Amino acid sequence: MVRLITHNLLACHAKGCTSNNFPLQFQDAAIELRDAEFNADFLRGFLPRIEWTALVGAARQLGDTSLPAEQPEMLDDEFLQKLHHVLLEVHVEEGAMVCPNCKHVYPISNGIPNMLLAEHEIG
Amino acid sequence: MIPTPDLSHLKRADYEHVYEPAEDTFILLDALEEDANELRELQPRTCLEIGPGSGCVTAFLGTILGASSSLYLTTDINPHACKSTKATGLQNKVPIESLQGSLASPFRHRLRHSVDILLFNPPYVPTDSDEADFAQQHADIAGSWAGGRDGMALTDILLEQVEELLSPTGRFYLVAVKQNHIQDISRRMLEQYGLQSKVALQRRAGREHLFVLKFQRTQSNT
Ligand SMILES: C[S@@+](CC[C@H](N)C(=O)[O-])C[C@H]1O[C@@H](n2cnc3c(N)ncnc32)[C@H](O)[C@@H]1O
Ligand SMILES: [Zn+2]
């Protein structure tokens, strides 16, 4: 599965592609929504590792506009619920992720992204 | 006792392409089980297993830590392994993010000093370099064991990245065999990266002398 929490951690790693290689852009994404168990401690603990702007942008690309453009300082329950949904319940099942810099295409099929590079593309 | 993950959804035909859990898998499960309390207390948020094969080990870790307590990431070059890992996550109610990829490559940019638990049961069997290269290219069952010179061809590449991946309290568990030169690995990791290690478990299984090495930062390097 490619959930937005995972997408937020992926960058293009093709040879020579070291700047503007994050976040990958979704293309032709087919999504499924699936409930996940809510865990406020996990969300609070994970938040410092998130690139906020990339998360908001990726969610908007998938049609979810529930997150504010600026990361709120107060982590109240209402906010954490929204964050939970965006990070953990939106699954990209088909489509691709494209590098904003070198345009390398990483396909997603049956919820599994293919991040492998051909030998000549490995940095 | 933490129950061994349910793998009843995987059939003979799956194990023609995917590594079937064996003694090397079980010694890693045992090492994680022994450390269960310590690992829970660390409150890991990001776990990454390289080469999950059937998905057995990450599913087990998810059972120890709790399905919603951490993010469980895996990368395997073998597409059959990726599918099996995903299925094993579903079967055991652990949400595993199964990715097809080599080592930690797609995460290196964003997971700098962020991996709390890193696991690797690598292809550790000494073989010709050609055989190991071929197995990597083919990304099928031979990629589970063909380890090239000293069985270290792939492990050596990951060892160079471990310090960069581990969080301040991160732990790295590596399965190895005697032919991999255990003391050499430990010395190198301490001298070059300031990561201390110990043998978490060792045992003989048939012809193999198996080890689980556990690495973490030294006090001065957190
Ligand atoms: C010894 S098996 C271990 C499988 C499983 N973790 C277990 O303990 O039963 C090694 C695994 O590493 C995978 N592998 C081999 N080369 C890899 C690479 N370059 N990157 C990621 N995984 C790789 C193999 O496909 C295989 O699934
Ligand atoms: Zn790129």
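A salt bridge is taken here as a side-chain nitrogen of Lys or Arg within 4 Å of a carboxyl oxygen of Asp or Glu, and the legends below describe a predicted model.

**View 1. Salt bridges and polar contacts between chain B and chain A.** By this rule, 3 salt bridges are found across the interface of chain B and chain A. In one of them, A:Arg49 is paired with B:Asp116, and the closest N and O atoms lie 2.9 Å apart. Across the interface of chain B and chain A there are also 14 residue pairs in polar contact, with both residues at pLDDT 80 or more.

**View 2. The side of chain B that touches chain A.** Strand S2 (71-76), helix H4 (79-91) and strand S3 (96-100) of chain B are the elements that each give two or more residues to this side, and S3(B) gives the most, with 5 residues. Sorted by class, the side of chain B that touches chain A comprises 10 nonpolar, 13 polar and 6 charged residues.

**View 3. Extent of the interface.** Contact involves 29 residues of chain B and 31 residues of chain A, and the area buried between the two chains is about 2500 Å², with carbon and sulfur atoms giving 56% of that area.

**View 4. The largest pocket and its lining.** The largest pocket holds about 1000 Å³ of space; of its 34 lining residues, those closest to the centre are A:Ile122, A:Gly123, B:Ser102, B:Leu103 and B:Ser105. Helix H5 (129-138) and helix H6 (153-159) of chain B each supply at least two residues of the lining, with H5(B) giving the most, 4 residues. By class, the lining of the largest pocket consists of 18 nonpolar, 12 polar and 4 charged residues.

Definitions and conventions. Residues numbered from 1 in each chain as written. Chains lettered and ligands numbered in written order. Predicted model: local features only at pLDDT ≥ 70, side-chain atom pairs only at ≥ 80, totals over all residues. Heavy atoms only, no water. 1 Å grid on protein atoms, 1.4 Å probe; cavity = no way out; pocket = protein on both sides within 12 Å on 5 of 7 lines; lining within 4 Å. Points joined across faces, edges and corners; volume = space filled by probe spheres on them. Nonpolar A, V, L, I, M, F, W, Y, C, P; charged D, E, K, R; others polar. Contact = heavy atoms within 4.5 Å. Buried area = accessible area lost by both parts, 1.4 Å probe. Polar contact = N/O pair within 3.5 Å; in protein donor to acceptor, adjacent residues only side chain to side chain.
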